[in-house]
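Please read these notes with the structure open beside them. They are numbered so that each can be taken up on its own.

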Amino acid sequence: METIASVFTSTSWSPYAAGIGIGVLSWLTFLISGKPIAISTSFAQASGMIEGVIAGEKARQRPYYKKIKLRINWQLMLVLGVVIGSFLSAIISGDFQVGVWVPSLWAAAFGDSALLRVIVAVAGGIILGFGARFAGGCTSGHGISGTLQLSVSSWISAIFFFIGGIITAHLIFKFIA
Amino acid sequence: MNKENIESNKDVVTVKRDLLFGLGFGILFGFLLHKGGVTKYDVIVGQLLLIDFTVVKVMLSAVATGMIGIYFMKSMGWIKLSLKGGSVGMNVIGALIFGVGFAVLGYCPGTIAGAIGNGYLDAIVGGLAGILMGTWIFAVMYPKLKDGILKKGDFGDITLPRLFKLNEWVVVVPAFALIVLLLFWIESTGF
């Protein structure tokens with residue numbers, strides 16, 4: 001019993017165990033819900049719902065929000081579930097972070113200013129969110145679900161996600177730091 | 001209760017069941033992302049700096065496992081593929097923009113949801129707000145983009161087997177073998 005429990009309370013698993021688990025999970029989402037694991041559309045829906053609260057009807061009239069439909073659906077619940085699942089895993093393994101604003105790799109290069117880190121995170125988030133919808137998917141929808149279906153659009157996207165990411169990360173850490 | 005009411009009740013039950021499955025699958029996905037270590041900035045940016053290969057290991061083992069099962073279930077007629085259409089504009093330009101954001105933020109949309117659950121405040125306060133703004137900007141610009149750059153070099157929702165006019169398994173089996181070999185090679189280099 002102790003060994004079974006310790007599997008769940010250990011902070012991390014082999015990346016292969018986690019990856020195989022995600023692969024098996026993708027079988028289940030296809031078989032039971034008829035849908036692939038995907039994330040970034042839900043952020044776009046959330047942004048439309050927020051605009052709807054602030055600006056009313058105008059948001060619903062935007063062609064993009066009409067296309068993706070602003071309502072709570074399977075995928076939005078999936079994204080909510082990711083937050084909960086990660087929280088559960090972090091809590092039971094004693095890895096839940098309290099008061100951490102600045103990741104250590106960032107702090108080593110750019111210091112421990114929370115404000116600087118948050119400003120850069122907002123900027124990065126804007127580029128990421130825009131790029132995810134531009135590309136029609138993210139590291140989940142294209143990078144895992146699309147590539148495992150051998151989709152051409154997803155293989156191209158996944159390769160260029162990493163080309164863009166690797167070049168940018170090296171520029172940031174080699175030249176700015 | 002008349003027939004119409006019964007029908008609409010059935011719909012409500014189906015929708016609720018669908019949403020609950022979404023939530024449950026999400027909880028499992030988030031749990032696995034955290035256990036895989038990829039809800040952390042250091043791990044993700046470590047991958048992009050090519051000093052930590054956790055992200056690639058998680059992704060490629062998920063893809064290899066998923067691919068075998070999905071194509072098996074497809075050949076049994078149990079499931080249908082769910083493919084995204086694409087174009088050079090979307091999947092090269094858009095993906096490069098995504099890559100820049102990926103490195104600047106240090107999380108992607110799925111892993112930031114995981115990072116939020118993990119308690120990282122830069123993800124909750126900074127990254128989440130940024131992603132919502134970024135997707136909103138895209139929605140605002142969409143009417144201008146949709147018939148321009150998003151259509152540049154359109155190739156539709158094809159798969160690699162269809163592109164090369166090959167039997168699915170002639171692609172699936174070598175792709176699986178290549179991924180496994182690549183992972184063995186990464187391990188052998190000590191990463």
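1. Helices (H or I, at least four residues) and strands (E, at least two) are DSSP runs, numbered from the N terminus. On that basis chain A has 10 helices and 0 strands, and its elements, read from the N terminus, run α-α-α-α-α-α-α-α-α-α. The C-alpha trace of chain A spans about 50 × 45 × 35 Å along its principal axes.

2. This is a predicted model, in which local features need pLDDT of at least 70 and side-chain atom pairs count only at pLDDT 80 or more, while totals for chains, interfaces and linings use all residues. Residues are numbered from 1 along each chain as its sequence is written, and chains are lettered from A and ligands numbered from 1 in the order in which they are written. The scores are ipTM 0.96 and pTM 0.95. For chain B the average pLDDT (the predictor's confidence in each residue, from 0 to 100) is 95, and 96% of the residues score at least 70.

3. What does each chain bring to the contact between A and B? Chain A gives 115 residues and chain B gives 104 residues, where two residues are in contact if their C-beta atoms, placed from the backbone, lie within 7 Å. In chain B, at least two residues each come from helices H1 (3–35), H2, H3, H4 (88–105), H5 (109–118), H6 (121–145), H7 (160–163) and H8 (168–188). H6(B) gives the most to this side, with 19 residues. The side of chain B that touches chain A divides into 64 nonpolar, 33 polar and 7 charged residues. Here Ala, Val, Leu, Ile, Met, Phe, Trp, Tyr, Cys and Pro count as nonpolar, Asp, Glu, Lys and Arg as charged, and the others, Gly among them, as polar.

4. One helix pair spans the two chains. Helix H6 (residues 74–92) of chain A packs on H5(B) at an angle of about 45°, with the axes 7 Å apart. Axes are lines fitted to C-alpha atoms, for helices over the stretch in contact, and angles run from 0 to 180 degrees between N-to-C directions. H6(A) and H5(B) are therefore oblique to each other; angles under 35 degrees count as roughly parallel, over 145 as roughly antiparallel, 65 to 115 as roughly perpendicular and the rest as oblique. Their crossing is right-handed (a crossing is left-handed if the near helix is turned anticlockwise from the far one by less than a right angle, and right-handed if clockwise). Residues of H6(A) in the contact include Val79(A), Val83(A), Gly85(A) and Phe87(A), and those of H5(B) include Gly110(B), Ala113(B) and Asn118(B). By class, this contact has 8 nonpolar, 6 polar and no charged residues.

5. H5(B) also packs within its own chain. The axes of H5(B) and H6(B) come within 10 Å and cross at roughly 150°, which makes H5(B) roughly antiparallel to H6(B). This crossing is left-handed. Pro109(B), Ile112(B), Ala115(B) and Ile116(B) of H5(B) meet Ala123(B), Ile124(B), Gly127(B), Leu128(B) and Ile131(B) of H6(B). The classes here are 8 nonpolar, 1 polar and no charged.

6. How do H2(B) and H3(B) cross? The axes of H2 (residues 41–48) and H3 (residues 54–75) of chain B come within 7 Å, at roughly 90°, so H2(B) is roughly perpendicular to H3(B). Val43(B), Ile44(B) and Gln47(B) in H2(B) meet Thr54(B), Val55(B) and Val56(B) in H3(B). These residues divide into 4 nonpolar, 2 polar and no charged.

7. Chain B is divided into domain 1 (1–36) and domain 2 (38–188), with bounds that come from an automatic or database domain assignment. The C-alpha centres of these domains lie 25 Å apart. In their contact, 4 residues of domain 1 meet 9 residues of domain 2; the domain 1 side has 1 nonpolar, 3 polar and no charged residues.
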